[in-house]
Every structure is written in C-alpha cells, then in structure tokens.
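Q: I have just opened this one and would like to be walked through it. Could we begin with a single strand and work outwards?

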Amino acid sequence: MIKPHSSFVDVNDIRLHYLEWDPAKICQDPATANADNSFEQDSDDLPIVLLHGLNATADTWRLLAEQICSQRQLIAFDLRGHGQSDQPEDGYDLVTIAEDIISAMATLGLGQVALVGHGLGARIALVLTARHPALISHLVLVDCPLVEPKHWPGMTRERFIRDKETPDIYASEQHYLQTMQDEMASFWSPDVEAILKTYIRELPNGHVEEGLRTSYQRQMRESLWEDRALSYYSKLTCPVLLVPAADQPHPDEELPERLENADEFAAAKGYMAAQVARTIPRCTVLWMPDTTHEIQLQRPQLLAQAIANFVKE
C-alpha cells in the first residue's frame with residue numbers, strides 16, 4: 001500500500017489524527033516509482049475528505065486511496081474516540097463530530113471539498129453537508145444508515161442502544177484476526193489484516209478489544225437514534241452518490257417486516273436507498289449487491305473508480 005502522511009490537528013479542545021495522500025508528494029516518492037503516478041492536477045480538482053465508520057479508523061480507506069491518490073489530494077480523519085485521535089468523555093453526538101471535521105478542515109486550510117463517508121461516518125457526512133452546504137461540492141454516502149433506526153422494521157430504541165452493551169473482547173490479536181478472516185474470507189489479504197489491526201487496542205492481560213470504548217459507542221447510537229436524517233435530503237444542493245451494499249429493489253418489492261438476518265438487512269437497505277434517492281434533488285445510486293458492509297475493503301477498486309468519476313461531474 002502507498003504510505004500516506006500521518007499527522008495531527010488541534011480542534012475543539014481535542015487532537016484529531018489524520019492521514020493525507022498528496023499527489024504531488026506521491027509522484028516524487030521513489031518508493032512509488034513503479035506506480036501509475038502521472039500527476040496532472042487540474043485547478044478544479046478539489047480535495048476528497050474521507051470519514052470512516054463506527055469503530056474503524058482512517059486506515060480503512062488505504063486500499064481505496066491508493067487507486068486515486070495520484071490524481072487528487074485525499075485526507076482521512078480518525079473521528080474523535082477512534083484510532084489515534086483523542087478520546088474525550090463526551091461529544092459523541094453527530095453534530096459535534098461533524099463540527100470537529102469542519103474545524104479540522106479550516107485549520108488545514110481546506111475550502112470546498114468532496115466528502116465521502118462510510119456507515120456512521122456517512123451519516124456524519126450528511127449532517128456536515130446539511131449544516132455547511134457551501135463547503136461540500138459532492139457527497140458520497142457509502143452503505144449509510146439512510147433512515148433513522150426508529151423507522152427500521154421491528155427496531156426499538158432499547159434494542160438499538162443496547163446492541164453494544166458490552167465490548168467485544170478477544171483472547172488475543174490472533175483470535176481477533178481469525179474471527180475477522182472468517183467473516184471476510186472472500187476478500188481477506190495481508191493489507192486488509194494490517195488495516196483491521198488499527199481497529200483494536202491491547203489490554204494489560206494481553207486480550208484485545210475494539211478501539212472505541214463501549215460508552216462512547218452508546219453515545220453515538222443514542223445520537224443516531226435521535227437524529228432526523230429524513231429532514232436533510234430535500235435540502236441537499238450538491239450532487240449525491242448513494243452506494244448501498246444491496247441490490248436494486250423490484251418496483252413492487254416491500255420493506256421486510258423484521259431485520260433478523262443479513263438478507264433481510266440487505267433488502268431493507270435497498271428499499272430505503274431507493275426511497276431516499278427519490279427525495280434528493282441531484283442523486284445517483286451505485287448498487288452493490290452481494291457485498292458486505294465493508295465495501296471499501298471488499299471492492300476498493302470499483303468504489304474508487306465510481307468516486308473518481310462522480311467528483312469529476
């Protein structure tokens with residue numbers, strides 16, 4: 001993988017970690033001499049800012065970034081509480097996290113950008129765009145929870161909030177990696193393994209757990225439950241690309257009555273993406289059937305090309 005620049009930025013009394021892929025520097029790096037680095041950046045090529053999902057890190061974008069970083073500057077942040085960013089006791093609502101990113105962009109001298117988010121990071125990107133529309137040229141929502149969980153079939157607030165009441169603890173790093181490999185067998189690789197290692201932290205007894213503390217996850221889930229995503233879509237003025245890990249639903253297909261397995265979740269995501277797309281003034285949908293939630297790890301080339309083409313429009 002192409003090695004990005006790693007640094008920190010101080011915002012809102014905390015320090016955020018970020019990774020940066022600068023095309024000019026990549027072209028000058030002898031380590032990437034054999035890569036396709038014919039850099040001809042146009043003055044209209046705005047930077048792309050990348051926001052990871054719940055309990056991930058900025059590293060989740062490494063496979064995608066190396067596909068397009070020779071053409072555009074990319075910056076991926078560790079959200080508060082994640083990765084190498086600070087872990088304050090509060091501030092895990094969607095608005096505060098979105099404002100973290102806005103402050104970081106300003107401190108780094110970024111003006112208008114294309115914004116890409118995955119999972120919960122996509123919902124944060126949606127909030128950010130709704131609050132600061134002039135700063136976002138294009139918005140890409142990758143497998144985003146597009147509809148409030150309160151509207152999901154069979155979902156209750158207690159079930160949603162308590163879904164992560166206790167942390168997932170693994171006997172060792174190897175046990176964690178084996179568990180993840182079993183789930184991602186079809187696209188497992190040394191690069192994916194290296195990325196997933198950034199998601200965890202080692203405990204004093206040698207066990208490992210998810211890097212984002214359970215209490216912070218709970219705060220995020222509470223905010224997600226209360227957030228009114230459906231009120232944002234008709235107000236979006238920039239082009240929007242939805243990338244659900246789902247197949248396009250048939251015209252007569254209905255929302256599943258409950259969400260108990262992967263097929264029902266995929267069907268629900270497809271149905272909700274189709275409904276939401278109709279309410280966004282300038283919307284395109286890239287359907288990703290037979291794909292896990294981790295689209296950026298499973299199909300980085302396809303996703304990268306779709307994003308690169310979309311932001312050129």
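Q: How many residues of strand β5 are buried?
A: In this predicted model, six of the six residues of β5 (residues 113–118) are buried, so the strand is largely enclosed by the rest of the structure. Buried here means under 20% relative accessible area, exposed means over 50%, and partly exposed is in between, with a 1.4 Å probe and protein chains only. Strands are DSSP runs of E with at least two residues, helices are runs of H or I with at least four, and both are numbered from the N terminus.

Q: Which residues point which way from β5?
A: Val 113, Leu 115 and Gly 117 point one way, while Ala 114, Val 116 and His 118 point the other way, and all of them are buried.

Q: And what does β5 pair with?
A: β5 is joined to β3 by four bridges, the two running parallel, and β5 also pairs with strand β6 (residues 136–142) in the parallel sense over six bridges. Two strands count as paired if DSSP finds at least two bridges between them. Ala 114 of β5 stands opposite Ile 48, and Ala 114 also stands opposite His 138 in β6.

Q: How should I read the numbering and the confidence limits?
A: Residues are numbered from 1 along each chain as its sequence is written, and because this is a predicted model, local features need pLDDT of at least 70, side-chain atom pairs count only at pLDDT 80 or more, and totals for chains, interfaces and linings use all residues. Side-chain values use heavy atoms, with hydrogens and water left out.

Q: Changing topic, which strands form an open sheet, and in what order?
A: Three strands form an open sheet in the order β7-β9-β8, with antiparallel pairing. Its edge strands are β7 (169–170) and β8 (200–202), each of which pairs on one side only. Between β8 and strand β9 (residues 208–210) there are three bridges in the antiparallel sense, and Glu 202 has Val 208 in β9 as its bridge partner.

Q: Where is Asp 100, and is it buried or exposed?
A: Asp 100 lies in helix α3 (residues 94–107), and Asp 100 is buried, with a relative accessible area of 1%. Leaving aside neighbours within four places in sequence, Asp 100 is in contact (heavy atoms within 4.5 Å) with Val 11, Asn 12, Ile 14, Leu 16 and Arg 80.

Q: What about phi at Asp 13 and Asn 55?
A: Most residues other than glycine have a negative phi. Asp 13 has a positive phi of about 70° although it is not a glycine, and Asn 55 also has a positive value, near 65°.

Q: Where do Asp 13 and Asn 55 sit, and is each buried or exposed?
A: Asp 13 is found in the loop between β1 (5–11) and β2 (14–21), where Asp 13 is exposed, with a relative accessible area of 83%. Asn 55 lies in the loop between β3 (48–51) and α2 (62–68), and Asn 55 is buried, with a relative accessible area of 12%.

Q: Stepping back, how many helices and strands are in the protein?
A: The protein has 11 helices and 11 strands. Along its principal axes, the C-alpha trace spans about 55 × 55 × 40 Å, and buried residues make up 53% of the 313 residues.
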